[in-house]
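Here is a short walk through one protein model, meant to be read with the structure open beside you.

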Amino acid sequence: MTIDDHRETNEDARGETAQSQTMIPIYVLGKRYEVPQGLTIMKALEYAGHTLKRGCGCRGGACGACATVIRHTDKYRLQVGLACQTVAEPDTHLLQLPYVPAHKAIYDLDRLPPDEASITALYPELLRCMGCNTCTRSCPMDLEVMNYVGATLRGDWDQVVDLSMECLMCGMCAARCPAELAPFNIALLVRRMRGRQRYAPSPDLRQRLADISAGVFDDELQQLKDMNREKLQERFYHHQKSKGAAV
Ligand code: FES
């Protein structure tokens with residue numbers, strides 16, 4: 001997450017938390033702030049005056065963009081969490097990671113033999129895994145990362161798929177792995193290979209891609225691009241209402 005310190009309280013965040021009276025101290029990049037108790041870290045940052053410009057995508061625990069390193073002042077252990085899901089605790093130091101430059105192999109799935117040799121050729125560091133479990137302890141989604149790395153080595157791809165499907169690709173496992181693996185990218189490769197092996201190409205997807213290439217949606221997209229904020233909001237609420245969603 002990339003943040004800008006505007007040194008003034010974000011009014012939206014303050015409005016939502018006006019009821020909360022108890023203030024707690026947090027430290028962002030070493031600087032102390034007082035924020036209302038009960039806010040998520042993301043809301044606390046906004047309350048403190050930071051504008052979240054990057055790395056705060058979904059706000060719903062689904063995109064992995066808001067990975068945060070957390071340490072309580074009286075503890076030595078570094079913890080991790082998603083800023084949009086984790087409630088800020090008093091006396092915690094917080095660091096947002098906008099990006100982890102982990103190794104990501106380039107490959108053409110159409111030409112890649114779906115076997116273990118392909119995986120270790122693309123990610124030879126996989127063989128260095130020593131089973132220390134640091135990756136599992138670093139996962140803000142509580143996934144069994146070490147177990148899916150082990151399943152990759154054993155060739156048990158179904159287990160890799162099961163254990164890694166909820167991965168948000170935040171990169172925390174790679175940031176902390178002492179053997180310098182990027183488990184999330186390795187699991188992505190395995191899921192892709194498994195999917196390619198097991199499932200027939202989807203005719204609906206093929207059709208949708210053809211529609212996109214033929215420009216079927218261009219006019220509609222341009223209309224959205226031309227709308228101002230109010231029009232976009234109106235359109236969004238209308239759409240949500242038509243689906244019966246709460247707005
Ligand atoms: S903003 Fe998407 S997971 Fe937190």
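What percentage of the 247 residues of the protein chain count as buried? In this predicted model, the figure is 28%. The C-alpha trace spans about 60 × 55 × 30 Å along its principal axes, and the chain's secondary structure comes to 11 helices and 7 strands. Among contacts between residues at least 6 apart in sequence, 60% join residues at least 24 apart.

Let's look at the strands. Five of them form an open sheet with mixed pairing, in the order β3-β2-β7-β5-β6. At its edges are β3 and β6, each pairing on one side only. From one strand to the next, the twist averages 35°. Within this sheet, β5 and β7 pair in the antiparallel sense over 5 bridges, and Arg71 stands opposite His93 in β7.

Now for a pair of helices. Helix α5 packs against helix α8 at an angle of about 50°, with the axes 10 Å apart. Because of that angle, α5 counts as oblique to α8. The crossing of α5 past α8 is left-handed. Here are the residues that make the contact:

| Helix | Residue range | Contact residues |
|---|---|---|
| α5 | residues 145-154 | Val145, Tyr148, Val149, Thr152 |
| α8 | residues 183-198 | Pro183, Ile186, Ala187, Val190 |

Sorted by class, this contact of α5 with α8 has 7 nonpolar residues, 1 polar residue and no charged ones.

Note on methods: Residues numbered from 1 in each chain as written. Predicted model: local features only at pLDDT ≥ 70, side-chain atom pairs only at ≥ 80, totals over all residues. Axes fitted to C-alpha atoms, helices over the stretch in contact; angles between N-to-C directions. Helix = DSSP H or I, 4+ residues; strand = E, 2+ residues; numbered from the N terminus. Parallel < 35°, antiparallel > 145°, perpendicular 65-115°, else oblique. Left-handed = near helix turned anticlockwise from the far one by under 90°. Contact = placed C-beta atoms within 7 Å. Nonpolar A, V, L, I, M, F, W, Y, C, P; charged D, E, K, R; others polar. Buried ≥ 20, exposed ≤ 12 C-beta atoms within 10 Å, placed from the backbone. Pairing = 2+ DSSP bridges.
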